2 protein chains.
Amino acid sequence: MTDDVQLLGISNAIVDVLAHVEDSLIEQIGVVPGSMNLIDEQRAHEIYEMMGPATEMSGGSVANTIAGFANLGGRAGYIGRVSDDQLGEIFNHDMRSLGVDIRLQPAPNGAPTARSHIMITADGQRTMNTYLGACTELGVADITPEAFGKPKAVLIEGYVWDIAQGPELARKAMELAAKARSTVALSLSDSFCVERHRESFAAAIRDGAQIVVADEDEINVLMGTDNFDDTLEAIRDYENLFVMTRSDKGSVIVHRGEQHVQPATPVEQVIDTTGAGDAYCAGFLYGWVHDRSLAECARAGTLCATAVIQQVGARIEKGVLD
Amino acid sequence: MTDDVQLLGISNAIVDVLAHVEDSLIEQIGVVPGSMNLIDEQRAHEIYEMMGPATEMSGGSVANTIAGFANLGGRAGYIGRVSDDQLGEIFNHDMRSLGVDIRLQPAPNGAPTARSHIMITADGQRTMNTYLGACTELGVADITPEAFGKPKAVLIEGYVWDIAQGPELARKAMELAAKARSTVALSLSDSFCVERHRESFAAAIRDGAQIVVADEDEINVLMGTDNFDDTLEAIRDYENLFVMTRSDKGSVIVHRGEQHVQPATPVEQVIDTTGAGDAYCAGFLYGWVHDRSLAECARAGTLCATAVIQQVGARIEKGVLD
């Protein structure tokens, strides 16, 4: 290996705007409770107007994983587009302060930094309305050999396919990965995202994404099944490494006939499940870049997910694996 | 009374940037643990660089009180200067979403919206480094009769005296209050602030601030005593209403010879004491504008403070007094 990072993330750089809301607000806004919706700037302002006082913190699914990976002590890099504004400064600060190597400069023009309006109802469910802003302007031209480097692994999120040049820039990243002998991991993001891009994801998994990170719903949609047993049957013949989380049912790792089932760790009180999958992914890949067995990787992932569901906020703290 | 608000706040409009840090960072930055320091933009960037990942939320001492007062169901207005930037939008959104009537438009030019870098050490202590930015440009010209209106009470924070036109704009507000028959309350902010402006505060209390809100340290510094008993002796001859909080020793209200001691409510676990004084002030003034007895006001203040120390964050939630 070179001196480059162990894990490079390519994803949407988003600042979360979190507020507790009444169920009626979700209805009033007219979205499905628990869903992630992509909205334009106008609607972002409207929805923000309807929300109560909020807390802001850096977010984004794969960005959370990268932050967690760095916090565990891993060497991480990140490609995502923020604007040269205050939210962009917050996002980059939070990544850099963990030692993440930010590969793109904030964009001096274009749309403002992305934000996701996250409404938390009394049952703990989160409904997201995301204005992608600057993220939508991430382009093929940003994925240069210099920005890409020679990471041991690159983790790309499914949400990238939602942006205009997303499929093309993902393809470019996979080409650079092949040249740099980097392993490509694809995180499926959410089941609606898988529905939007099922064919493209299937192609990516066939053509170069050696690792597939998904929760049960996402992998079921990808495989076109309605239950996990059928999914296990469907992925039996794949060469890829499948890392699949099943919330309180734990996780299942499948690789060329080998299957490892990792039970969830019982916890006294679940505070906030946000980011559990992202944290699992951070722990798993931290084990993976250190050439640990799949069972050890699954245990590391579980430790991280267990830690994150017992705190408020999606990003894991230092020392979780110590 | 007119239809105007019950309570108008005039204070520094600040977005808090909160991060957990090691004790050594406070030392490295070279400030006194637990202190509030005023810094310039350059140093704000330096300190932010040294901090880990942070969470952003609207703050500011009297702004917290105004937000809390509105959340209790009170009609509140607010005069504070933010810039027309993302942090300014966040600050105003959070106030407006509680129904607070924002009296100033965001400034289209000048310094960016203020932020306070709040470093929380393992012992729960908070060390603040505040870049006042746009706040420093609040001017006498902003305190118009239209912006002031005819509130039942106006609450001005001591920190206002730290800004260039602060003493003058406070004087203007007190003149408008006299004309509008509004009661003036002065919050002493912090004991260092009292040291900086002791003579001015004494004059304000003599010349029109009928209500003085302070914690034990602040009132001791103002009265030039080193213990609370001597302070009680010193304020015996004042006409003003003194509202004094003493953390776990509860609070003491003194008004023209009348004294009411309100014990603190024991709680199982103190989560975060930030904003306890601001919340107390919100509850007390909520009672006061509704013409409750001083004992009832003190109980309302205590209920609010008790609620806020059992949560993370300085601003009280709805329904605390229900």
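Residues are numbered from 1 along each chain as its sequence is written, and chains are lettered from A, with ligands numbered from 1, in the order in which they are written. Because the model is predicted, local features need pLDDT of at least 70 and side-chain atom pairs count only at pLDDT 80 or more, while totals for chains, interfaces and linings use all residues.

**The axis and the contact**

Next, select the contact, which takes 19 residues from chain A and 19 residues from chain B; residues are in contact if their C-beta atoms, placed from the backbone, lie within 7 Å. On the side of chain A that touches chain B, β4 (55–59) and α4 (86–96) each supply at least two residues, and α4(A) gives the largest share, 5 residues. Helices (H or I, at least four residues) and strands (E, at least two) are DSSP runs numbered from the N terminus. Since 100% of the interface residues of chain A are also interface residues in chain B, the copies meet through the same surface.

Stay at the contact and select β4 in both chains, where β4(A) and β4(B) (residues 55–59) pair in the antiparallel sense over 3 bridges; strands pair if DSSP finds at least two bridges between them. Here Thr55(A) has Met57(B) as its bridge partner.

**Strand β11 of chain B**

Now move to β11(B), residues 211–215, where 5 of the 5 residues are buried, so the strand is largely enclosed by the rest of the structure. A residue is buried if 20 or more other C-beta atoms lie within 10 Å of its own, exposed if 12 or fewer, and partly exposed in between, with C-beta atoms placed from the backbone. Ile211(B), Val213(B) and Asp215(B) point one way from the strand, and Val212(B) and Ala214(B) the other way.

**Helix α6 of chain A**

Finally, select α6(A), residues 166–180, in which Gly166(A), Leu169(A), Ala170(A), Lys172(A), Ala173(A), Leu176(A) and Ala177(A) are buried. They cover an arc of only 155° around the axis, which puts them on the same side of the helix; the arc is that of the directions from the helix axis to the C-beta atoms. The face turned away from this buried side carries the exposed residues Ala178(A) and Lys179(A). Among the elements covering the buried residues are β9 (153–157) and α8 (198–207) of chain A.

End on Ala177(A), which counts as buried with 23 C-beta neighbours inside 10 Å. Leaving aside neighbours within four places in sequence, Ala177(A) is in contact with Val154(A), Ser182(A), Val184(A) and Gly208(A).

Conventions. Two residues are in contact if their C-beta atoms, placed from the backbone, lie within 7 Å.
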